[in-house]
Amino acid sequence: MSRSIKQQRATKETQIEIEWVLDGRGETDIETGVGFLDHMLEAFGRHGRFDLRVRARGDLHVDPHHTVEDTALTLGAGLELALGDRRGLERYGHAYVPMDEALARAAWDLGGRPWPEVELGLRLDHLGGVSRHDWRHFFQSLAIASRSALHVDVLRGEHDHHRLESAFKATAVGLRRALVVSGGEVPSTKGSL
């Protein structure tokens, strides 16, 4: 089975296009105009084993905020559509991912109830030209747009680059595990999500 997503978002601030193969090999082709976001999305695709193509044009002359936010919203909206009624999904997935001295934990519930809890503990005001608040907002937007609960915690780490990269990788690995198809039932005691 190959689950694929094509999703677009167009506003006065951004134009985002994604192609995302959930059951891929980790091949990425990312161009957002924000180099560090490209780097994080490449790590996300590679370690989630997602084939991911992202094209984003945003009002970078103002700030990278809209590009970062709208890219996450587009990914989340695409994921929401791909999940359908979520029948047969493992539903829950989590991962601990170290990167040198940093350690991140991410846990997903694809049950249709959006809730983000994100604690990155970044110390610098900006990382890769992006506000530390916008990095947190990326994960929040992804969770809300995909109608998923997502908890991301960086448990330790001295270097903000390592902290953030371990968070993206843990989020990807946890999502891959939650996306496993393990049956035909709706994964809920209620019988629907």
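A: Let's start with H1. Its buried residues are Phe36, Leu37, Asp38, Met40, Leu41, Ala43, Phe44, Gly45 and Gly48. Keep in mind that this is a predicted model.

Q: What span should H1 have at 1.5 Å a residue?
A: Helix H1 covers residues 35–48, and its 14 residues should span 20 Å. The end C-alpha atoms are 20 Å apart, so the two values agree.

Q: How buried is Asp38, in numbers?
A: Asp38 has a relative accessible area of 14%. The cut-off for buried is under 20%, so Asp38 counts as buried.

Q: And which residues is Asp38 in contact with?
A: Ile30, Glu31, Thr32 and Gly33, leaving aside neighbours within four places in sequence. As for Thr28, it lies 10 residues from Asp38 along the chain, and their C-alpha atoms are separated by 9.7 Å.

Q: What comes just after H1?
A: Arg49, with a positive phi of about 60 degrees. Arg49 is a residue other than glycine. Most residues other than glycine have a negative phi.

Q: Where does Arg49 sit, and is it buried or partly exposed?
A: Arg49 is in the loop between H1 and strand S4 (51–58). Its relative accessibility is 49%, so it counts as partly exposed.

Q: On to H2. How far does H2 reach from its first C-alpha to its last?
A: Helix H2, residues 65–83, reaches 27 Å with 19 residues. That is close to the 27 Å expected at 1.5 Å a residue.

Q: How many residues of H2 are buried?
A: 15 of the 19, so H2 is largely enclosed by the rest of the structure.

Q: What follows H2?
A: Gly84, with a positive phi near 55 degrees. Then there is Arg86, in the loop between H2 and strand S5 (92–99). Arg86 has a positive phi too, about 65 degrees, although it is not a glycine.

Q: Is Arg86 buried or exposed?
A: Buried. The relative accessible area of Arg86 is 2%.

Q: New topic: at what angle do H3 and H4 pack?
A: About 10 degrees, with the axes 11 Å apart. That makes H3 roughly parallel to H4. H3 is residues 132–145 and H4 is residues 160–178.

Q: Which residues meet there?
A: From H3, Trp135, Phe138, Phe139 and Leu142. From H4, Leu164, Ala167, Phe168 and Thr171. The contact residues divide into 7 nonpolar, 1 polar and no charged.

Q: Which residues touch the most other members of the largest nonpolar core?
A: Trp20, Leu120, Trp135, Phe138, Phe139 and Leu164, out of 50 residues in that core. H4 gives the most to this core, with 8 residues. In soluble globular proteins, nonpolar side chains tend to be buried together.

Q: Take Phe138. What does Phe138 touch?
A: Leu37, Leu41, Val68, Ala72, Leu75 and Phe168, not counting residues up to four places away in sequence. Leu37 and Leu41 are among the buried residues of H1. Phe168 is one of the H4 residues that meet H3.

Q: Now the strands. Where is Gln7 found, and is it buried or exposed?
A: Gln7 is in strand S1, residues 4–10. At 16% relative accessibility, Gln7 counts as buried.

Q: Which residues is Gln7 in contact with?
A: Ile16, Glu17, Ile18, Thr74, Ala77, Gly78 and Leu81, again leaving aside neighbours within four places in sequence.

Q: What about Leu155: which strand is it in?
A: S10, residues 149–156. Leu155 is partly exposed, with a relative accessible area of 37%. Leaving aside neighbours within four places, Leu155 is in contact with Tyr96, Leu103, Ala104 and Arg105.

Q: How far is Leu155 from Gly121, C-alpha atoms?
A: They are separated by 8.4 Å, though 34 residues apart along the chain.

Q: Last one, Pro116. Where is Pro116 found, and what does it touch?
A: Pro116 is in strand S7, residues 115–119. Not counting residues up to four places away in sequence, Pro116 touches Gln140, Ala143, Ile144 and Leu150. Pro116 and Ala178 are 62 residues apart in sequence, and 16 Å apart in space, C-alpha to C-alpha.

Methods: Residues numbered from 1 in each chain as written. Predicted model: local features only at pLDDT ≥ 70, side-chain atom pairs only at ≥ 80, totals over all residues. Heavy atoms only, no water. Axes fitted to C-alpha atoms, helices over the stretch in contact; angles between N-to-C directions. Helix = DSSP H or I, 4+ residues; strand = E, 2+ residues; numbered from the N terminus. Parallel < 35°, antiparallel > 145°, perpendicular 65-115°, else oblique. Contact = heavy atoms within 4.5 Å. Nonpolar A, V, L, I, M, F, W, Y, C, P; charged D, E, K, R; others polar. Expected span 1.5 Å × (residues − 1). Buried < 20%, exposed > 50% of the residue type's maximum accessible area, 1.4 Å probe, protein only. Core = buried A, V, L, I, M, F, W, Y, C linked by side-chain atoms within 4.5 Å.
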